[in-house]
Structure formats: structure tokens, C-alpha cells
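Good morning, and thank you for coming. Please look at the sequence and the structure on the screen, and keep both in view as I speak.

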Amino acid sequence: MKLVVFILFIFSVHTITYGQALPDTIPMNRIRILASHNSYKRKPNPRVLDFLKRFESKLGPENNPDFIDYGHLSFKKQFNDYGIRGIELDVNYDPKGGHYKRRRVNLFLFGQKQRIKDKTLKEPGFKLLHISDVDFETNYLTFNSALLELRSWSEAHPNHLPIYINIEAKGSHLGDESRTLQRLGFKKCIPFNTNAYKELESEIRAVFTEDQVFSPSDFKIGYSTLRERINTEGWPLLTQIKGKFIFILEGNNNHLYKSFLNPLMFQYGTQDDENTIFLLRNNAVSSEVDIQKLSQSFMVRTRSDAGTVESRANSYQTWEAAKRSGAQIISTDYYMEDSRWSSYKVSFLNGLFEILKP
């Protein structure tokens, strides 16, 4: 009997820790969640990093190989073990298939294979990778495979907090920046056009039902703009968005997406746009005061760390600024520590969320 009571006690503590006490009537803009950055990405091969470090002085400070030396767990582990409720996907357009089947940096590394045999890379569809030919290790080769895991997890946890999915439409790789690398076979990025965005929506709709995605139309509920809905009825409540995915678009040629009549995705935009409710302010330190003002009227995404800098320095300065700012989505590479550098990691005291003051 004592064992049963103990197990029930542990379960109740776990339940509270993972947010079940959050009231259904709380508006979505008062719920702060932790997100992962480039959430699909795995750590690069150490041999690739060692090779790049040899040319660090020629790559320039913005291409420091240290900046890509991080990686993530599967979505399921991020959600279940670390309370992540936002992810970021770098989506690469590949309408004919096969554009990203080679890893060209391996040309310079004896014994490393350039060609990837996985047949899905030869098929048309969107691929998930950070930097073509260099930083390509991924838990999910295709956008579709990532969506399928998200759906599977959601169906097993139907009352979860909304999952924010930051979609970055990639518009540039190293092959776009250097003709020399192009001659060596490094691939240029295929730009997004209107048809690409239609195909992107089609891939989402093929995996998720309308009830599983909270779209701009769901937000507007008949009002002409997103801001009009907020000004008239306020923000949607948790009960309206539980168990759903919210897609937010940024990146290459995303202005083309504005012409869609009933878009599936929200967009990051500017504060003077009547159809913008999500803003990007990635530098929490320099934007702290700005975010404090903007987060009263918008959902703001910022970052607690970038490029492994905070982990290597074991510095919480940016994390503390992000928390003070009032940003509702805080993105990190370190929900768990990287013991190579330090004990740096970030989390909320109660696990899944923080409630922001109105």
C-alpha cells in the first residue's frame, strides 16, 4: 500500500511539473515555452570540423566552425525529457530530387563517403539540413519524415501545449557564396517560389488534418486581419490551441507567401503589419527593452544562446536577458549540457512553461 501511495505521489508531482495545472482560460500570449534551435540537426562529423578549423582564418569570423558544433536529440526525446514545445526546421527546396544526395566536403577527407545512398534523397520533396555539403548531419533527412514523427507524438499526447514550428525556407548555401566551391561541386540553394510554398503546404496537409493545425484563419475567426481579432476579442485561449501545431514561416522569398488567400502558416513580420502577430528578436541582450514593449502586443521569439558561445563560456547573461524580456518563445541549443565545454543548460523551474504577467 505504501508503495502504491508513493508511486501516485511521484506521478502527481510529474504531472504538475509538466504543466497540467495550466488553466484552459489563459491566453496563448501569456504562455512562455522553451524551443530548440535547428531542432533536427545532429553534431557534424569531428573530421569535418577538424578540416574546417584548418581554414578558420580564411573562412572569416561569421563562418567560425565552432558555431556549428552542436546537435539535438529526436523530437520525441526533446518533448518528453526536456519539455521542449517549439522547434525550428531548415527546409530546403528539392523539386526534382537528388539535389542534396552528395556531401561534397568529404571530397577532402580520405575514407569519407560523398554519396548518400538513402533513396529518399533522390525523390522530390523538401530536405532538412543546415548547410549543404558541410553541416548536413540530421535526424530527419526529409521534411515529411519530421512531420510524421511530430504527428505520432502528438497523437500519443493529445492534450499537449501547442507546438510552435519555426519554418526557415533556406535561400543560401556555401555554393551560392563561392564560385570556387561551385566548381568543386558544392550545391547552390534552389530558391523558393510560389509553387514551392504551395508544395510546402501540401506536404503539411498530407500529414496533418485541419484539426491538428492552428492556422491564421482559425486565429482570425472571421475578422479581416489578425490584429483586428486581437483588438476585438483578445488572444485565443489555451483550450482553443491545445494539442495543435502552429507553423511560422521565415526565410527565402517569404514575401511570395503573403499572396496566399488562406495560408496554413503564420509569418514573422513587422509590427506595423495588421497580419503579423509573431516577431523575431533573436538578440535578447540588445533587444531586451524592445521585447518588453513588443511582447505586450505580439508573440516574440528570441534566443538564449547562439553558436555555442554561451556554452563554451558557461554564461547565462543572454538567458537571463531573454527571461526578463517577456519573450514568449525562447530558443536554445542547450536544454541539456554539453560537458565538453561546461555545465551550461537552460530550463524553466516547472518544466514546460512559464506564465507571463499580463
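Please note that the model before us is predicted. Most residues other than glycine have a negative phi. N253 is not a glycine, yet its phi is positive, near 55°. Is N253 buried, partly exposed or exposed? Its relative accessible area is 27%, so N253 is partly exposed.

T308 also has a positive phi without being a glycine, and here the value is about 70°. T308 belongs to the loop between β8 and α13. With a relative accessibility of 2%, T308 counts as buried, because that term applies under 20%.

N80 is partly exposed, at 27% relative accessibility. Its C-alpha atom is 11 Å from that of H160, although N80 and H160 are 80 residues apart along the chain.

**How confident is the prediction?**

The mean pLDDT of the protein chain is 91, and 93% of the residues reach 70 or more. Residues 1-20, however, have a pLDDT below 50, and this stretch has 12 contacts in the model beyond near neighbours in sequence.

**The strands**

Let us return to β5, this time as a strand. Six of the seven residues of β5 are buried, so this strand is mostly covered. β5 pairs with β4 in the parallel sense, over seven bridges. Within this pairing, E168 has E250 in β5 as its bridge partner. β5 is also joined to β6 by two bridges, again in parallel. There, I248 stands opposite F266 in β6.

Next is β8, residues 299-303. How many of its five residues are buried? Five of the five are buried, and the strand is mostly covered. In a regular strand the side chains alternate between the two faces of the sheet. In β8, M299, R301 and R303 are on one side, V300 and T302 are on the other, and all of these are buried.

β8 runs parallel to β7 (residues 278-283), and four bridges join the two.

**Two helices with two sides**

In helix α14, the buried residues are T318, W319, A321, A322 and S325. Why are they said to be on the same side of α14? The reason is that they cover an arc of only 165° around the axis. On the other side of α14, Q317 and R324 are exposed. The elements that cover the buried residues of α14 include β1 (31-36), α12, β8, α13 (309-313) and β9. Just after α14 comes G326, with a positive phi of about 90°.

V48, L49, F51 and L52 are buried in α2. Viewed down the axis, the buried residues of α2 fall within an arc of 160°, so they line one face of the helix. P46 and D50, on the other side of α2, are exposed.

In soluble globular proteins, nonpolar side chains tend to be buried together. The largest nonpolar core of this model has 47 residues, and those with the most contacts inside it are L89, F143, I167 and F247. Which helices and strands each supply at least two residues of this core? They are α4 (75-82), β2 (86-92), α5 (143-156), β4 (163-169), α8 (194-207), β5 (245-251) and α14 (317-325). A second, separate core has 25 residues, among them M28, A35, L161 and L238.

I close with F247. Leaving aside residues up to four places away in sequence, F247 touches L147, I165, I167, I204, F208, V213, M265 and F266. One of these, F266, is the residue of β6 that stands opposite I248. Another, I167, is listed with F247 among the residues with the most contacts inside the largest core. Thank you for your attention.

Methods:
Residues are numbered from 1 along each chain as its sequence is written. Side-chain values use heavy atoms; hydrogens and water are left out. pLDDT is the predictor's confidence in each residue, from 0 to 100. Contact means heavy atoms within 4.5 Å. Buried means under 20% relative accessible area, exposed over 50%, partly exposed in between (1.4 Å probe, protein chains only). Two strands pair if DSSP finds at least two bridges between them. A nonpolar core is a set of buried Ala, Val, Leu, Ile, Met, Phe, Trp, Tyr and Cys residues joined through side-chain atoms within 4.5 Å. The arc is that of the directions from the helix axis to the C-beta atoms.
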